[in-house]
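Biologist: I am new to this structure and would like to understand how its descriptions are reached. Could we go through some of them step by step?

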Amino acid sequence: MDNIRTFAIFGLLIVSLLLWEAWQKDYVRPQQAIQNAAVEEIAADLPDIAAIADTNQQELPTIPSTENSASLPEIAQDLAAVSADKIHVKTDVMDIYIDIQGGDIRDLALLKYPVESKTPDVPVQFLADTASNFFVTQSGLRSNTSAPTHYDNYIAEQSDYELTEGDDALLVPLHWQTEDGLRVTKTYHFKRDSYLIDVEYHIENSTGESFSAYPYAQFNRVRPEEDSGFIYTYTGAVFSSKGNEYEKVDFDDLEDAAFNRSANDGWAAMIQHYFVAALIPQASEQEIGFYGKAINDRNYTAGLRMPAITVQNGESQQAKYSMYLGPKEHKRLEVIKENLDLTVDFGVLTIISQPLFTVMEWIHKFTNNWGWSIVFLTVLIKLAFYRLSAASYRSMASMRKLTPKLAILKERFGDDKQKFNQAMMELYRTEKINPLGGCLPILVQMPVFLAFYWVLVESIELRQAPFIFWLQDLTAMDPYFILPVIFGLSMWFQQRLNPAPQDPAQAMVMKAFPIVFTVFFAFFPSGLVLYWVVNNLLSITQQWHITRKLGAL
């Protein structure tokens, strides 16, 4: 930063923040042990009508006990039933497996996002039907008569679907029917270059009686294993509705109490670093129920209950909702649903972080390189605070000129710290120097620096983004530690421009800072270290010019 003391304070603030987060996770919110047994789905993961039904609405139907779907004789006659348990669907951006049980997505790979840049053919497995990384969608119709929940089997028309070249959309229909004439078609709508999936239930009633049910959809996942990295990002449930635009409800909160809220519009999501799974209902005059809870000591849900629908005999009706399953990209999220872009979680400094990202994204249009975008944005931030920094450096230069006089006072008063401090403050008053003048202007800049820190941490656009030469992933640490070493050298050189502390112990600590922070920054993402290196070099240039101009060198 602009001077070594303030940088040390800021660095300690970051360390304290990370330690506080770790302490919260390890002691205040202790994680329940994750078992290695296979996931056992139980009836509790269905939304509880009694808990989430609005008292002003008609009481919703209860869940059927253990009744399964019928043998689907008519559908079997009309369609060539597939024997596979899962249906494979591939678009240009997703590779998906849909289970015929529930007709839900059990596996989803994001083809444009490899796990590591060095293995581009191995995509991120966002949703997975495995014990250790269980994260799936679950949806259905809930009624006091036979209706397809996420336990009931559908029949598919074919086992493989692919969005071919020249097609912009792909439909995947699934069919369910009872012997007495209730037919349900659940259709997935996929689109090219889109992570937004539309889901539609088409209900045809020929039972001779009225049919009532409500559609529900939810995510069911296990708590991820602890991340051993330095940077903590939120993983858990998020809900949005009018008056509660962005509400995080973590796994420990769900263990303490189930989450329930009713609203006419909004969304429910499970988020993690870089990726979001969101359920987006259609706005309704009737209230939509948003809920989340801990099913057991390892499984958690976040979902929504859409308004109940009634289909009279001989009639049909439709129910629709959407799912977004993909990267937390601003340009995609902001056009899908209000406040969905807040899942790019910049924290309390979003009001600053968002404009910074917008400017960096604008710069990227010209540079086509996120590394250079970081460099130029750092320059713009430095220019914006040029006058504040100049005031700080002038104060530091003036104090540097007093170093010989302070040394004389130190020698005169020896170990009498009280008399030395009194004499030092009198010297400052005589020379009209404010000893805090070097720090206060920098404290004003700290919110911007912290906001930019979260921009670099949260923006998926920087994930695996190359810069130059050996830096091929701005979100990974420097493989050869070149940037951290440059950072340490710049910190040491900047320290030489600042007045030396009169206290020998303090002076020794200050000398150790460049080494300590070099080691600390060696494990930070290279994009963050790049920002600090550029900022330090600009600070050194400005400080050296001002110090030399005032004759303090």
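Modeller: Let us begin with a cut-off, since a residue is called buried when its relative accessible area is under 20%, exposed when that area is over 50%, and partly exposed in between. Please keep in mind that this is a predicted model.

Biologist: What makes Tyr-274 buried or exposed?

Modeller: The relative accessible area of Tyr-274 is 9%, and because buried means under 20%, Tyr-274 counts as buried. Tyr-274 lies in the loop between strand 15 (267-272) and strand 16 (275-281), and it has a positive phi of about 80° although it is not a glycine.

Biologist: Which residues of helix 6 are buried, and what puts them on the same side of the helix?

Modeller: The buried residues are Ser-353, Leu-356, Phe-357, Met-360, Ile-363 and His-364. They cover an arc of only 125° around the axis, and therefore they lie on the same side of helix 6. The face turned away from that buried side carries the exposed residues Ile-351, Lys-365 and Phe-366, while the helix is followed by Asn-368, whose phi is positive, near 55°.

Biologist: Why are helix 6 and helix 7 called oblique to each other?

Modeller: Helix 6 and helix 7 (residues 370-384) pack at an angle of about 125°, with their axes 8 Å apart. Roughly perpendicular ends at 115 degrees and roughly antiparallel needs over 145, so the pair is oblique. Helix 6 passes helix 7 in a right-handed crossing.

Biologist: What makes strand 6 and strand 13 edge strands?

Modeller: They belong to an open sheet of nine strands with antiparallel pairing, in the order 6-8-9-10-20-16-15-12-13. Strand 6 (155-156) and strand 13 (244-249) each pair on one side only, and these are the edge strands.

Note on methods
Residues are numbered from 1 along each chain as its sequence is written. This is a predicted model: local features need pLDDT of at least 70, side-chain atom pairs count only at pLDDT 80 or more; totals for chains, interfaces and linings use all residues. Side-chain values use heavy atoms; hydrogens and water are left out. Buried means under 20% relative accessible area, exposed over 50%, partly exposed in between (1.4 Å probe, protein chains only). Helices (H or I, at least four residues) and strands (E, at least two) are DSSP runs, numbered from the N terminus. The arc is that of the directions from the helix axis to the C-beta atoms. Axes are lines fitted to C-alpha atoms, for helices over the stretch in contact, and angles run from 0 to 180 degrees between N-to-C directions. Angles under 35 degrees count as roughly parallel, over 145 as roughly antiparallel, 65 to 115 as roughly perpendicular and the rest as oblique. A crossing is left-handed if the near helix is turned anticlockwise from the far one by less than a right angle, and right-handed if clockwise. Two strands pair if DSSP finds at least two bridges between them.
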